[in-house]
Each structure stands twice: as C-alpha cells, then as structure tokens.
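Here is a short briefing for a first look. Keep the model in view as you read.

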Amino acid sequence: MDGKRPYEVLFEPLFSGKFGELRDEIALPWIWARLHDRTTQLGYLRGGFQLLYERLVERIQEHGGKLLFGTTVEEVRREGERWQVHTDQGNWEFDEVISTLPTRLTCRLVPELPEDYRRQYDWGQAYGAHCLILGLDRPLTNSYWINICDPGYPFMALVEHTNYRAPEEYGGRHLIYLGNYRPMNDALFTQSKEEVLQEFLPHVKRIQPDFDLSWVTESWMFHAPFAQPIVTVDYREHIPPLQTPLAGLWIANMFQVYPHDRGQNYSLELAERLIKQVLK
C-alpha cells in the first residue's frame, strides 16, 4: 500500500490549512523535523508561560535592566563606538544591540547593513499567526488538539487547552483556541473580533452539534506578523548568522531555528547559543 491515500486524507489538508497556496513549496526538512524530533510528550508551566515572562522581567530589573513596552523602534545607527536606537519614546545609546525582530524588519531599521548582506538575508516569505480564544462555561470536546482536515472550516486547529490543564487553573473557564496561519495581507487580520466570532462559531457547532452561543462567556483575539517562516528548498542558504557584519549588532529570530518550527523551546535554545557568542 502506497502513501497516496493517507497523504490525501491527512497531510494534504494539513499542508493546505497551514500554508495555503504555498503548500507545494515547503521543503522536506521542515516536515522531517516535525516527525523525527518531536515526541508525544508535552510540557506546560502550571499557571501559564506568563509566569516565566514575569520572572524574566524581575531578573532583568534586579540586574539594572529596563524594559520599554509600547515603544516603536524607528531606526538603529552606529555612531562611533556606540549604537544609537531611535524610538518614538526617545533615543537610547548602547554598546551592543540584539534584534529579535524578523530579519527583514531588522534590515529596514539598520540602514548601514551592507548590500551583499541584504541580498542574501533580506529574503523569503512568512505568514502571520491568528488566534481566537473562547472562554466557555462547560467543556466542548474530550480532546486536547483537533487538526481540521475537512474542507470549508475558517480555522486550521481547535485546541481545548483545559483538556490538558484543569479549568480550575483558569478561573473555572474552559478555554478553546481556534488557530490559523495566513498571509499577512489576508482579510482575517483586519477583521474585528465580532466579525471573526460570527464567522467561526457556526463551524464550532459543526464539530460539536450541541454547542450554543450561550456557552461563550468571554473571548479574546490575538495576531502577530512574521510568525511562520515559509521553509522552501533554498531556505537554508538564506539563514543569517547570529552576528551581523556590523560590530555589536546581533540577530536572533524564528527564521534561525531551521529545520524546526516556531516554538518556545527553540527560542530558549537559540537564546543560549546567542549569549554564548555575545559573551565570548
């Protein structure tokens, strides 16, 4: 028995759901990393990953660091031996700069990056991530993660997080994530939460016929650009090194975890590699 039928039933809809029109351009190492390196084990911090981020903030501040939220970086320039970071909240001076932005955005912000660097690394495509979260007053399914392989659904995955962690950890709410990856010019990213709810909720009822709008007590919507790099066959040739050609300027982002997919564990691993180089 060949793999054509299983591919048509399972993998083709998954590739279409995640990559849309670009599904045929995805390189084999990407799916290899998903199947070979991942296991059935899954870890999650009790109380949520926000606890980790808040502790990181505390440690940074304990060591004299400062965090600026809601601040837009407008330009980064080398002046003498120092870096000048120009923002909409003022200018800052540093010995070294680490950009965790997508490489393309870093190239826009740092005009001094040389042309040959830009030709090789200011490259490629990425999709944005979109997530609608529903807070329900009761369970929806008995599954943690449901990949949507049937056509016609406006979301690619339904994740009932509180089938993994207890609802009591979230104020008794039952949390449902409806996730998507889409091109960043997709209309989904400009729709209001009310418009998305109106489009998505009838399809939740397709999965659970007993579902009723009265079950939804709260809802939240989030989206982020450049969340899913499109890993094509020539992708590896365009992965930038952590250190740029400019002294004191470093790059670390999700485009550098190849062949793995975006994930917090790979972010932490990348950070460890970066810091070892910066502190040499």
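A salt bridge here is a side-chain nitrogen of Lys or Arg within 4 Å of a carboxyl oxygen of Asp or Glu. R55 and E58 form one, with their closest N and O atoms 2.8 Å apart. The model is predicted. Its protein chain has 7 helices and 10 strands.

**Overall build**

- The protein chain has 280 residues, and 37% of them count as buried.
- Taken along the principal axes, the C-alpha atoms fill a box of roughly 65 × 50 × 35 Å.

**Salt bridges**

- The structure holds 15 salt bridges.
- Which residues join R55 and E58 in a network of salt bridges? R59 and E62 do, so that R55, E58, R59 and E62 are linked.
- R55 and E58 are separated by about one helical turn, because they sit 3 residues apart in helix α3.
- R55 is partly exposed, with a relative accessible area of 39%. E58 is partly exposed too, at 39% relative accessibility.
- The side chains of R59 and E62 meet at 2.9 Å, N to O.
- R59 and E62 are also 3 residues apart in helix α3, so about one helical turn separates them.
- R59 counts as partly exposed, with a relative accessible area of 40%. For E62, also partly exposed, the value is 49%.
- Another salt bridge pairs the side chains of R138 and D137, at 2.8 Å from N to O.
- R138 is partly exposed at 34% relative accessibility. D137 is partly exposed at 39%.

**A nonpolar patch**

- Y53, L56 and I60 make a nonpolar surface patch of about 260 Å².
- I60 is found in helix α3, which covers residues 50–62.

**Empty space inside**

- Rolling a probe the size of a water molecule over the atoms shows where empty space is left.
- The structure holds 1 cavity of 30 Å³ or more.
- The largest cavity has a volume of about 60 Å³.
- Its lining includes Q228, P229, Y235, M254, Y258 and R262.
- By class, the lining of the largest cavity has 6 nonpolar, 2 polar and 2 charged residues.

**The second largest pocket**

- The second largest pocket holds about 250 Å³ of space.
- It is lined by 14 residues, and P13, G17, D150, G152 and Y153 are the closest to its centre.
- Two elements, α1 (4–19) and β8 (174–183), each give two or more residues to the lining of this pocket.
- Helix α1 gives the largest share, 3 residues.
- The lining of the second largest pocket divides into 8 nonpolar, 4 polar and 2 charged residues.

**Backbone details**

- The peptide bond from Y258 to P259 is cis, with omega near 5°. Y258 is also one of the residues that line the largest cavity.
- P259 lies in the loop between β10 (249–251) and α7 (264–278).
- F226 is not a glycine, yet it has a positive phi of about 55°.
- F226 belongs to strand β9, residues 216–229.
- Is F226 buried or exposed? F226 counts as buried, because its relative accessibility is 17% and buried means under 20%.

Key:
Residues are numbered from 1 along each chain as its sequence is written. This is a predicted model: local features need pLDDT of at least 70, side-chain atom pairs count only at pLDDT 80 or more; totals for chains, interfaces and linings use all residues. Side-chain values use heavy atoms; hydrogens and water are left out. On a 1 Å grid over the protein atoms alone, a cavity is a set of points where a 1.4 Å probe fits but cannot get out, and a pocket is an open set with protein on both sides within 12 Å along at least five of seven lines; lining residues have an atom within 4 Å of a point. Grid points are joined across faces, edges and corners, and a volume is the space filled by probe spheres set on the points. Ala, Val, Leu, Ile, Met, Phe, Trp, Tyr, Cys and Pro count as nonpolar, Asp, Glu, Lys and Arg as charged, and the others, Gly among them, as polar. Patches are made of residues with over 30% relative accessible area and no salt bridge: like charges are joined within 9 Å, nonpolar side chains (Val, Leu, Ile, Met, Phe, Trp, Tyr) within 5 Å. Accessible areas come from the Shrake-Rupley method with a 1.4 Å probe; for residues, only the protein chains shown count as cover. Helices (H or I, at least four residues) and strands (E, at least two) are DSSP runs, numbered from the N terminus. Buried means under 20% relative accessible area, exposed over 50%, partly exposed in between (1.4 Å probe, protein chains only).
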